[in-house]
Each structure stands twice: as C-alpha cells, then as structure tokens.
Amino acid sequence: MKNIITTSNSINLDGLIEEAESNPGKALAREFYSAEEVFSEDMQTIFKKQWVLVDHISRIPEKGQYFLFEIANESIIILRESEDKVNAFYNVCRHRGSKICLDNEGQSNFLLCPYHAWSYNLDGSLKAARTMPEDFDKSEHSLHSCHVKVFHGLIFINLSEGAAPDFDSEYAALSPFAEQQGIATAKIAVKKEYPNVANWKLVVENFIECYHCKPAHPEYCSVHPAEKLLAFGAGPGSGPEEAVEKYSKKLLAWEEAAQAMGHLTGVYDGGNDSLGLAQAARYPINDRGWLSETLDGKPACKKLMGNFKDYDGGQTALAFNPFSFALCCNDFAVILRWTPKDALNTNIELTWLVSEDAVEGVDYDPENLVKVWDITIKQDKQITENNQSGVMSGKYVPGPYSLQEARNISFKKWYLKQLKSSS
Ligand code: FES
Ligand SMILES: [Fe+2]
C-alpha cells in the first residue's frame, strides 16, 4: 500500500490510482496535477525511465561543447567528447557535490569545478584533484554518467540506474520518417523557452487533444482545415472514428500525389503498451495549396529539408513520448519539449530546425519561421495555466473527455500503468 504521509495531509496514492482507473473516460484528480508527492513518483516512474529528448546535435558541433539539461532536481551536462561521441554526466562534483557547470552552455577541453578546482576530462574521468591523501584513487571518482543515444541527430538521455529500456524497439519505426525529413543533417535556426505555471500532465493533455483548437487557436485553425483537426488534430487516434473515415478520402488523394513524388507517407502507432506511446504520421497541411505551416502557406525557408524533392504540402508528425514531439513540414521542423521543474511548473522549449545549408536572412527570416508555433504555444501556455488555476479549486472534480480527446484516455491509462510499475 503506497501511503505517502506529508506534514499537512496524507495522500493515498493507491486509492487515487484505483479511483482514476475506474473512471477511464474522465480527467485525473487534483492531486495528480498538484501534489509534490505525486510529482516525485512521476519523476521516479516516468522521467527516470523514459528516453528523454534533450536537443539536436547541431547545438554541440565541436569537441568540448556542452549544454545543460535541467529536469526537476537534476542538472545533466550534455557534452561532445569527440567527433563521434556525445556524453551525458550528472552536473555533480565527486568531491563534495557542487554543481560543476554553471553556465547553460559553453566549450572547454575539460570541466573544472568552481569550488575546490577538481577537474574532469571530457570522458568524465577525474583529471586532477589537489592535496588528496596518498590512498586516494582517481579512477573511483569519475563523473556519474547517464545513458545517451543519438537518433537522427536528436540526443536522448535515459536516467535509469541500471540498463536502459531498449531504444530501437521503441523508435526504429520512426526512422524512415526522420530520414525523409533530414533531421540528422538539419541545424538549429531558433530556440525559444516558455515557462509554464502548470503541472506537466496538464501540458501533455492539452497537446494531445485538438478539442481546444477551435476556441483557443484562431491562427492555427486558419492554417489547418477543421475536418483535419477533427480527425487528426492531435495525431493518429485523436479524433472520432467517423471523422477519420470522412477525412480518409482526402488523405488518400494526398498520399498518392506525395508517393508519386517519391515521398514517404503513412502512419505508425506504437500502441498503448509501448514504452512511450511513440507515433509517426504524414498528412497534408490542408487542401488549399499550403506549401508550409505558415500563416500564408508560403515556404518559410528557401531550402527544402531532407529527401524532399519538391513541396508536397505535407507534415510529418513524430511523437517520441508524451513530452517530446517533432512537427515538420517540407522546409522546416519544430521540436516541442516539455520538461517538468516541479509539481506546478513545466518548461516548454521549442526548437526550429532548417536544412544545414540554409542561411539566416537569405533563405529564411527567423521571425516568419517561428510565427505559427510561437503564437500557438503562447495560447497553449495561457490555457494550461488557466486550467491549473481552476484545478486548484476545492470545487474541481474530473470531468468527462469528449470524442476528440481519445489520446487523453490512452495517455491516462499509460500514465497510471507507469505509476503502478513501481508498486
Ligand atoms: S565540490 Fe567540486 S572540487 Fe570540491
Ligand atoms: Fe493547443
């Protein structure tokens, strides 16, 4: 029995899970969105087990370049050791535990702790420590590392203490989509952060439904047609069956045209029992001649990405897990990532990628490139923060999901399964 006792009150997590499971068609109870105790379970059962997308490799092209990835209490140094090796270390000195890297990013031939100047090599081994006793063994004081995988230029880390879950069985099916899109050879054009005062699950739940699109996102809805948003608005499986069937004729016509250009089409769904609910799909932006996901439908970048031979007007949606996604069109891609800070705060980070040979100011205008998603995510921030405020009320009770929120039901089931896995 998982009874978590706090100074103020006690949370019966098993009871809350049981109640949530008996109401699969309804949202979660307030405690799931607010209690520090639940947040700490979330970290242990989800964020320390999943493969977490941290950034694109083009952020650290040179040896010794690093950046910090912060999640809850952990700070991780993502560091390029050599041309073909990227490492991830806990940002904790093996002497007395100081943070070693204090800047968000940098470059150095070694890592120097600012406290007593212990230094570390790029492979994490201890390089030097002054005036230590004779029996001090440097080899026992390397930095703590975590699992790293670079997949089509996307850096993933895994904080599992032992062996990490198999990466390929979850993500291999996404490979052809990432290949077509040229994610591996892309470069970062713009990066933006949107601190969000909401629990990470409210951010996730908002992103995996498009029920809110009509009232909340006028600009997004001016780009994407209503029938598509109803059928596929938040990816495969997010809309009512009837709407999917109705839309399938248009999808099929677009698929045939895209295939005739030699472009990949199709849908992949890892299913509800997969590690992180991975999905991939390609579908058209709209049938009104939009070439790219911009307000006027015109390309935002003059250079096509990846293996696209011409504009097919399609989008590639990749879901790596409920907290990281890539939404790509022919000329640019957006990586969307939610990172929990604590029970009530989540950092949203969006990274726009373009082809590596695209030149800022010549081939793309960064302001135009970011427009649709910058507007949309600011609206999402507002509505999820409102959602968090409402959920904190004593009168909040979980309400029923609509037919456009099918993925919320899958996510809830998946989430509860993760929590139970530690019991
Ligand atoms: S805590 Fe890093 S050198 Fe002392
Ligand atoms: Fe939204």
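In sequence, the donor residues of the iron ion (ligand 2) are spaced H-x4-H-x162-D, where donors are N, O and S atoms within 2.8 Å of the metal (3.2 Å for Na, K and Ca), and since water is not among the atoms, sites may look incomplete. Before I go on, this is a predicted model, in which local features need pLDDT of at least 70 and side-chain atom pairs count only at pLDDT 80 or more, while totals for chains, interfaces and linings use all residues. Residues are numbered from 1 along each chain as its sequence is written, chains are lettered from A and ligands numbered from 1 in the order in which they are written, and side-chain values use heavy atoms, with hydrogens and water left out.

Which atoms coordinate the iron ion (ligand 2)? They are H212 (NE2), H217 (NE2), D380 (OD) and D380 (OD), at 2.0 to 2.7 Å. H212, in the loop between helix 6 and helix 7 (213-216), and D380, in helix 11, are a pair that links distant parts of the chain, 168 residues apart. Helices here are DSSP runs (H or I, at least four residues), as are strands (E, at least two), numbered from the N terminus. H212 counts as buried because its relative accessibility is 12%, and D380 is likewise buried, at 6%, where buried means under 20% relative accessible area, exposed over 50% and partly exposed in between (1.4 Å probe, protein chains only).

Helix 11 (366-391) also takes part in the lining of the second largest pocket, to which helix 6 (200-207) and helix 11 each supply at least two residues. The largest share of that lining, 4 residues, comes from helix 11.

Finally, a UniProt record (unreviewed entry) places the feature "domain: Rieske" at residues 51-157; UniProt positions are given in the numbering used here, feature names are shortened, and annotations may be inferred rather than shown by experiment. Over residues 51-157 the chain is 0% helix and 43% strand, with the end C-alpha atoms 6 Å apart.
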